[in-house]
Amino acid sequence: MINGTGVVKTYKQRGKVLGAREVRALRGVDFSIPKGGAASFIGESGCGKTTLGRIIAGLETYDEGEIAIDGVAMSSLKPKQRQPHFRKIQMIHQDPYSALNPTRTVHQTLHAPLSLRAGQTGRSKSWIEERAAEVLSLVGLDPGSVLARYPHQLSGGMRQRVVIARALTVDPEMLVADEAVSMIDVSLRLGILALLKDLRERLGVSVLFITHDVATARYIGDDGELYVIYRGQVIERGAVDTIIADPVHPYTQSLLSAIPVLHGLEQPGEHPVTPLEPLDQDQSEEGCLFAGRCPFRGERCTSERPLLQVADGLPQEHACFYPERRSVIARPMSEV
Amino acid sequence: MSVLLEGSSTSAAMRRNFWTGVWRVMRRKPTRLVGAVLMLGFVFMGLFGPLFYPDPLPRDPGQLTRPPSWQHWLGTDDQGRDVIALVVTGSRYVLLAALVTAVITVVLGTGIGLFSGFKRGRWDTVLMRFTDMKLTIPGLPLLLVLSTVWKFNSAVQMGLVLGLLSWGGVARAVRSQTLSLRERGFIEAARGLGLSTTHIVGKELLPSMAPYIAMNMLIAITGGVYSQVGLFFLGVLPYESNNWGQMLNTAVFRSGALTIPSALGFLLGPLLAILLLTLAIVLVVDAMDEIFNPRLREE
Amino acid sequence: MRIDGLTVVYKTPAGELPAVRDVTLTLEPGTITGIVGESGSGKSTLALSLLNAVQPPGRIAAGTVEIDGLGDMARFRGEQLRKARGKHVGYVFQAAQNSLNPLKTVGKQLLDLGRSHGVEDLRGLVREAKELLGRMGLDGARVLDSHQHELSGGMRQRVGIMLALVLNAHLVVLDEPTTALDMITQANILKIVRAVHAERGLTTLVITHDIGVVAEVADRLAVMYGGRLVEQGPTREVLGAPRHPYTKGLIKAIPRLVGDIAEAQALPGRPPTLATVPKEGCVFRERCALRMDVCDTVDPEAVSHGTRLVACHAVTVKEHA
Amino acid sequence: ACSGGATNQPGGSSGGGGGLFTTIDVARPGLDPSGPANPWAPKGNSYLGYNGMKLGWVKNHVTDPNQFYPGIAASWDIAPDNSSVTLHLQPNGKWSDGKPVTAEDVRLSIGLAYTTGSTAFALTPGAAGAAADVEVVDDKTVKVTQDMTNPSSKFARGVIDNWVVPAHVWGSLLPADFWDKLKTSRGTGEAADKAREEILAIGQKVLAFAPPKDVSAGPFTLERVNPGEALLLKNKNFYNAANVAPDQVKFLNFSGNEQIWNYLSAGKLDHSGFVAAPTDVMNRIKQAPGSQLITGFSPVAVGMAFNQSKKPYDNVHVRRGLAHLIDRAQVTKVASPEGGTPAVTTSGIHQKPAQEWIGSELSSLDPYAFDVAKAEAEFKEAGLQKKDGKWAMADGSPWKVTMQAPSGFSDWISAQENIKSQLIENGVDAEVVTVADYPIYLEELAAGKYDVGFWLMALGPAPYDIFQRLYGTSNGWTNVAGQVKHSAPGKSGNWMGSAEEIDVEGVGKINPGELTAKLNAAGPEEAKPIMAQLAKAANQDLPVIQLWDYVNTQFTNTSRFTGWPAQDSDLLRLPAGVWIQLGMVKKKQ
Amino acid sequence: MTVIARRLAGHLARGVVMILVVATISFFIVRSIPGDPVAANVQKLIQMGMDPQAAEQATRVLYGFQPKGSLWEQYIDYISGLFTFDLGQSVTHAGAPVTQVLGEAAKWTVLPVLAGTLLSFLVGIIMGVYAAIKRSGKLGDVLAISGSLLHGVPQYVLGLLLSAIFATLIPILPADGPVDILFEPGFNAGYIASLFDHAVLPVATYALAAYGGWILAMKSSVVTVLGDDFILAAELRGMKRSIIFRYIARNAILPLFTILALSLGLLLGGAVFIERIFNYPGLGLLLIDSITMRDYALMGGAFLLITAAIIVANIVADLFYSVIDPRVRSGEEVSS
Ligand SMILES: Nc1ncnc2c1ncn2[C@@H]1O[C@H](COP(=O)(O)OP(=O)(O)OP(=O)(O)O)[C@@H](O)[C@H]1O
Ligand SMILES: Nc1ncnc2c1ncn2[C@@H]1O[C@H](COP(=O)(O)OP(=O)(O)OP(=O)(O)O)[C@@H](O)[C@H]1O
Ligand SMILES: [Mg+2]
Ligand SMILES: [Mg+2]
């Protein structure tokens, strides 16, 4: 469905008086999400997840690289021509409150894109109403009680469902969910995740899930791929469960080690990895990007940049000179 | 077509909600009711006030510049006309010009601010530099200099010029609002859905800013009143036979209102009118602040 | 610290509504107690009321907050209250929010704090602060010389902890200490909390919406829902065998790294807000699978079951059956 | 408060010690602290009659322009045909630095007058009443001769009404060859043009010249200036110093009349020149202890002037009809209650001199009293139609009398507003329109853009000056080098557009412009019959409706000084400095 | 320090450009004013009784101070003159340099404006704090509404009212110029008392007109700061009230200092009304005079000076901000 090769994005931060500072948000990222497939991006704050998601949804430009949607290379198209392609990819925002216009009812919110569709395909007005009800039912909302409401009259979970319903009005082939559950109450979170999974299964839309919480990534689909991103570079990529169970990159390992252990239910992992602090000072561009914080770094790490590759007979791709499996995640008590 | 549908039950309900909200806010502080009533009073005065008096106003050559009396509550002017009659009949010019000012200020300011904030990039830079420059040039001195070049022949022209000079602040404010709204997910979502710019600006951005724009409009009205009355007061505008500013000018510089109390009524008439108008607008803006506050609508 | 029958109300156009209702909780000395609850369940309100610092239009309507050797915090006023804060009870703010004066360096604010509490040996105070910061993996001298904007989120949070502890408070309240921090930083902060707690023999209260956080650090766990404490007990027990239907649902709703995905399920319905909390009866009944008639009218008392306290009619009935 | 109360007696608190308080000249508003003591500088600090001296002081005579009080000149001989003036300087006239005032000073001052422009010392070839030669007869005598190609009966006035400054201070301004250059400039051709340019360039230097120190031959010298006041001290070397009463004079600055009203009603001023004031304010001023109002002749009147190239004002009956609809007494009461008297009729002459000039003829003129019936008759005769109580043009199109006035001329605007109301009340639609300011007003008026405007007239005392306002350039008659030419309406500044010849009842056909030009050189007796004819012409043809005649009002206060001029004194239009230097003003005993 | 220096350099450059632009605008506006001042002056002199020829000559001499040459040449002269602070010569002041005339007038504007602004600033911020603290009570309402009203009412209304009340109805204060003329200028009690006396009403008008703005600005600033977490944090740390008050005050006043500097710049231009009402011979009055007398150079100069004051105020405000706000000092962008 969508393929990217070597996507680079550099922000020039203007306004700072001390000259323009460059932020390398993405440093040559390859990705590929098949039709109906799932992918998850995880990584620390500021690693470039959102940037990549926005680029994929066509909301942000990129400096280098190529993105192809359904085989059509975007760079060969004019901005106007790209739009219909990118419309197939809809973004679902982290904050469901700001993603809905507080002055517009759910009905109005759904109506606008639907009437655009109706205009394009020559459908009638009644189709609009029907379709609005339909997409709401798809996301598990009762159209009758929700349509006339304003966003502030809905709970976080309902709002997020409306956001998803709105995305569905244009029959997207892919949904980009950026931290789509992080602002939703814990008890409702799973509902949204299940919904996304359900949509994937029933409608065949692919889902790109962006999160810093690895566990949630599992719930979108265990057949999906996990991309671990560090400072704009994908450093490990593979099937979700493989990476969770057997991470090989020290960064992935430290990320997984940081997940709190539910002490009543779980046993901590045997070899948790803690990165060397601090993150802020060491922003070396030389060698491996993680070298400064890596407890296992070797000599090579500070001079040479490891690239993402399949190596050492491991099932996943990784960008580490010294990959080693470590058992870092907590296991349920019942298993041990 | 979409307009038709949207005008259906939901927006009617919204309107009903809105007015009950307005009423609630009004009731909470009686001063706001006073403001609204005063405001309506001024509108009425501008629309119908002149109809209550003959044109030209009756004058009494034996009663030139007299202090307040039972017959003339605020006294008479230097032509022997009743000051209250002058204030009432003079309100039309003043308010009309102010309205034109406000409309132009708000339309230009909103338009430029929206465009600038929405397009960003080069246009934004150019427009904002221009706006900054406009804001740097002081309005009153510029008006004074302009008044020698421009012939302000009617209230509409007056309003036009004032409006052209005063959109800067609104433009800047609207731009920053637009910029911050842009960052809100719903605008980005609309773009992602392929909705037209017209829809985004007209249906998503503008309604969110409507209260803000409405308040600016009210404030621009006062601005319009003050500038023109001030210019008339300084005597740099063509004579108007009855106009608040002209009254101030004549009262002070010709009839000696600041020297002898007998012309004070003549001075106080327009001053009180301006004070009351300011009060009305202050109170209404204060109420609007709350009416449009989404948190209060939630309750 | 013993909280007894604490009720906090907010004045709204619809009258005074309770955000915290009849909460009774004891913090054993030397333990870490965790309170979990979803957004709007009254966690922050509760935390603030422990320092008698509920902001208007809220007020403590009933109940006491007894602190050993100090008295009822809820009755304190003026200077007495001020002195208790900081000196006896430390409070740590959420990381993402700015709990530091943006115009002053951390060091200067530290000195302000010292002066406020009549510390004579200001040098000693600075030394102590540096040591604390060092313990938390920071360069004390540099941090004290920095303004808030020069520190990262994690660093600010550690400064917050330092300021809460530097006057030797033995009771520390941490409100959402890791929200908005990223995973690795969160793990770090939690580690520090635990280490400092142990080292100084503190009594600690951690408030969060993330069960993981509580599970990681707390000895005891209390679950809050709609302003009520619905269940409390030792962390492992509560997590391992939740009693209250809400706690059960909550734990079930946590996505897990391993195990069967299908086991996890969301709770139906939505959490109540101040305005939608029912006036009488159980706050959870709308979403409860075990709802009975009595739930509509009678607010269940917290009943002790061994080491646990549970406020649920169904559980009580079952236990006694 | 403190200032108001404490300073009612100015001397007391400020150590004024016999100081006199007056206001700056109305004609030169504003006081420029950085201005030099230079009489030619527009905001200079040279005060007429105080530290600024002229050869003599023009009397405010009703009819004779050639009467003077002595100034630098003690006396003068005017040739009977006005061809020359011989000036005899004060025998013991001295500058404040002790040097005597000599004929050289006078000659230099005349040279400076040439560079800056003056009636008698004009550079323009053929200017009326210009001087042909300046001759130093002896150390105290100067003779100035008139160029008789285009003589003026006001020649002596033109000569004597000129500043005199010390040659030892100002001498350097005139180059050695100045007088030769002047001669060259009198001619025509390129050389003359060039010479004139050079002289104008000198004029600029003169205007900007700042004497290092005020050296005056007047009763006072400038001590210091700030934005609020100018202080002058008594000049011990003044020829009549013994009779100068005040030890010092303070000029108060003002930017609006209302400020003077305050000073006057607080009794702070010993004297102030004319400022217009409403009746109530005037009453308040009169109540101040010692306050006195002296009124006298002011040779100006104001008229409502028509542009006769616009319909329907080309019809004399329309003008007469309008005259009958305007109650001039009411207009005056509203517009200039204290500064004017309603014109008894339109004669073109201020009422006071009118008696002298045309005597009994005055009463035979039509007074155009307020009379609606007569107006109606006149309008009917003009062919105007009355529709729904409103007068319309002959062709039925609406008629609106649009009166123009410059912004800021509040008495004119008030008058027009009042006239407007009067006209509307009697079925003639009217409006008042103002233009940004006087310069534009004059320009547009002259360009014939207005229908009706206000026009100053009757500028006496010289007969020619009186009538050139009605029958001069603005009405088509130009007087170049003594030759009168008439240009058609709309051309060369002719915006009034009266007929070139008028058939005046009982007089016959006259050409008013030529008659007016004749007045320039005519003696008084010769002038009288011409004036009578012109007055009749004006009264019958009504190019303007004379509204009110101005009155000069001087404010004085006798609390500290007495000896102020009497009502109607011929000194009234001279500054108080002249009264003082002539020794009239005395300290109160 | 370098940050500030850079900022200063940037501002100065922009300021110079601004001044050039404004100078250009004012030059062309002023030159396009209709009405030939020379012809008009001739007419005026004639009406004053001067002979036409003499009047013309006198006028030509006087207007010799007008710049000569084509409009374009005049423009070049004018602009190049700016760099040497040469604004030309004032016709109505016999060719005195415009800068000198302006300097003379500026004194009478700057002092009362400064006094009025500072006074209102001091009182306004104190009352603003009250209005913020008592914002839900009656006192707060009264303060806020009266603040809005005073802020809303134009200067001239206040000036005229004050003048009518205190100079006419109950004549206890003078309203007629800068000083009672009867006193010797200089350092003596009477003169100074009189200066003071005469300054009361204009200063009070400035102060009153500005006061409303301060109270509103301070109120909202304090309310914002009160809502900031660090204040609550300080309270919960048991900081002394006085210290907390200082925290609030400093943080709340900070943005107001910028407005203070700006308003000082703006007030120079706004002085027109007050100077007209109280006959203060300052810049505003000078501007009106120069307009009515068609003194082009002076008009342009006064206008330019007023604008330059605003530009300088902007620069000062910004620099000031960067000195006192550590965030700006270190080059961070702060939206105020
Ligand atoms: N518009 C922008 N201008 C400048 N820099 C930006 C912009 N957007 C993002 N960045 C920078 O790019 C980097 C990647 O940002 P991004 O938002 O993609 O991170 P993220 O992984 O989504 O982080 P988070 O988990 O906090 O959402 C960050 O350093 C961020 O500061
Ligand atoms: N100032 C206030 N006025 C009115 N109601 C308030 C106020 N502050 C809080 N509340 C209400 O009190 C209830 C409890 O709020 P509180 O902030 O304690 O919740 P919380 O558990 O900390 O939630 P979160 O996780 O979102 O921080 C909420 O329903 C909230 O709406
Ligand atoms: Mg992100
Ligand atoms: Mg909270």
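Trainee: How far apart are the nearest C-alpha atoms of chain C and chain D?
Mentor: In this predicted model, contact means heavy atoms within 4.5 Å. Chain C and chain D do not touch. Their nearest C-alpha atoms are separated by 47 Å.

Trainee: And what is that distance for chain A and chain D?
Mentor: Chain A and chain D do not touch either. The distance between their nearest C-alpha atoms is 46 Å.

Trainee: Which chains share the most contacts?
Mentor: Eight pairs of chains are in contact. Of these, the pair with the most contacts is chains D and E.

Trainee: What is the strand order of the open sheet in chain C?
Mentor: Four strands form this sheet, and their pairing is antiparallel. Strand 2 (15-26) and strand 5 (71-72) are the edge strands, each pairing on one side only. The order in chain C is 2-1-4-5.

Trainee: What angle does the direction of helix 1 of chain C make with that of strand 1?
Mentor: Helix 1 (residues 43-50) of chain C packs on the sheet. Helix 1 touches strand 1 (2-12), strand 2 and strand 4 of chain C. Its direction and that of strand 1 make an angle of about 115°.

Trainee: How much space lies in the largest cavity?
Mentor: There are 15 cavities of 30 Å³ or more. The largest cavity is lined by 19 residues, and the closest to its centre are D:A37, D:N51, D:V165, D:D214 and D:V215. The space in the largest cavity is about 130 Å³.

Trainee: How many residues of that lining of the largest cavity are nonpolar?
Mentor: Strand 9 (163-164) and helix 5 (167-170) of chain D each supply at least two residues of the lining. Across the lining of the largest cavity, four residues are polar and two are charged. The nonpolar count is 13.

Trainee: What is the volume of the second largest cavity?
Mentor: Its lining includes A:H249, A:P250, A:R297 and A:Y322. The cysteines A:C288, A:C294, A:C301 and A:C320 also line the second largest cavity. The volume of this cavity is about 80 Å³.

Trainee: How many residues of the lining of the second largest cavity are charged?
Mentor: The lining of the second largest cavity has nine nonpolar residues and one polar residue. Arg counts as charged, and A:R297 is in the lining. The charged count is one.

How values were computed. Residues numbered from 1 in each chain as written. Chains lettered and ligands numbered in written order. Predicted model: local features only at pLDDT ≥ 70, side-chain atom pairs only at ≥ 80, totals over all residues. Heavy atoms only, no water. 1 Å grid on protein atoms, 1.4 Å probe; cavity = no way out; pocket = protein on both sides within 12 Å on 5 of 7 lines; lining within 4 Å. Points joined across faces, edges and corners; volume = space filled by probe spheres on them. Pairing = 2+ DSSP bridges. Axes fitted to C-alpha atoms, helices over the stretch in contact; angles between N-to-C directions.
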